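Here are my notes on the model you sent. Please read them with the structure open.

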Amino acid sequence: MTDWYVMRATGVVSLVLFTLVAVLGIATAGHRRLGRSPRFVTLALHRNLSLLAVVFVAIHVVTAVLDPYAGVTALSTVVPFVADWRPFAVGLGTVSLDFVAAIVVTSLLRRRLSLGAWRAIHLLSYASWFVAVWHTLGAGTDSSSAWLRTVLLVCVAAVGLSLLSRLPRRGRLPKHLPAELRA
C-alpha cells in the first residue's frame, strides 16, 4: 500500500517539476534572460529542476512496477500500451518516459551533437509534458478529484501562459530577427 502512495505522490510532483522546467525553458529559449538574474543562474536552475524531476519520475516508475496492484511491468515501462491496467493511459506515461530518456541522453551528449540535432530532440520535452498531462488524467486514481484537477489546471495554465508570452506582440517583430527583416 505504501508503494501506491509513493507512486501517486511522485507522479504529481514529477508533473509539477516538469511544468516548472517547461516554463523556465520557454522563458529562457533563444538566450533570453529571466528577470534580472544572470542567464547562467536560470540555466542552472533549469538543469537542476530537470534532474530532480527525472529522479521523481524514476521513483514513480519503480514504485509502479513494485506495486502489485498497479498492473505495470518492467516491459510496460519501455514498451507503450502493453500494461495490464489501463493500457492506453499507462502507455501514454511510457511514451512520455521514452521522450524524457531521449532528452536526458542527448543532453548528456550535448557537446557531441550539432545544435540543430540537440534542439530537435529537446523539442520532445513539449510533447513529453503534454503526454504526461494526459497520462495523469487517464491513469491517475485521483484524476477526478478536485485537488488533482486544480494541480493540472495550474500546470496547463503556466505552460500555456509561458507559450503565449513568447508570441510576438502585435506590430512588433522578435528582437532576434536580423535587422533587415525587422525593417
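1. In what order do the elements of the protein chain run from the N terminus on? They run α-α-α-α-α-α-α. The secondary structure comes to seven helices and zero strands. Helices (H or I, at least four residues) and strands (E, at least two) are DSSP runs, numbered from the N terminus.

2. This is a predicted model: local features need pLDDT of at least 70, side-chain atom pairs count only at pLDDT 80 or more, and totals for chains, interfaces and linings use all residues. Residues are numbered from 1 along each chain as its sequence is written, and side-chain values use heavy atoms, with hydrogens and water left out.

3. Of the 183 residues of the protein chain, 33% count as buried (under 20% relative accessible area, 1.4 Å probe, protein chains only). In helix 5, the buried residues include Trp-129, Val-133 and Thr-136.

4. Look at helix 3 (residues 87-108) against helix 5 (residues 124-139). They pack at about 155°, with axes 8 Å apart (lines fitted to C-alpha atoms over the stretch in contact; angles run from 0 to 180 degrees between N-to-C directions). That makes helix 3 roughly antiparallel to helix 5 (over 145 degrees).

5. Contact here means heavy atoms within 4.5 Å. Among the residues making it are Phe-99 and Ile-103 of helix 3, and Val-131 and Trp-134 of helix 5.

6. The length of helix 5 checks out. At 1.5 Å a residue, its 16 residues should span 22 Å (1.5 Å times one less than the number of residues). The end C-alpha atoms are 21 Å apart, which agrees.

Conventions: Angles under 35 degrees count as roughly parallel, over 145 as roughly antiparallel, 65 to 115 as roughly perpendicular and the rest as oblique. Buried means under 20% relative accessible area, exposed over 50%, partly exposed in between (1.4 Å probe, protein chains only).
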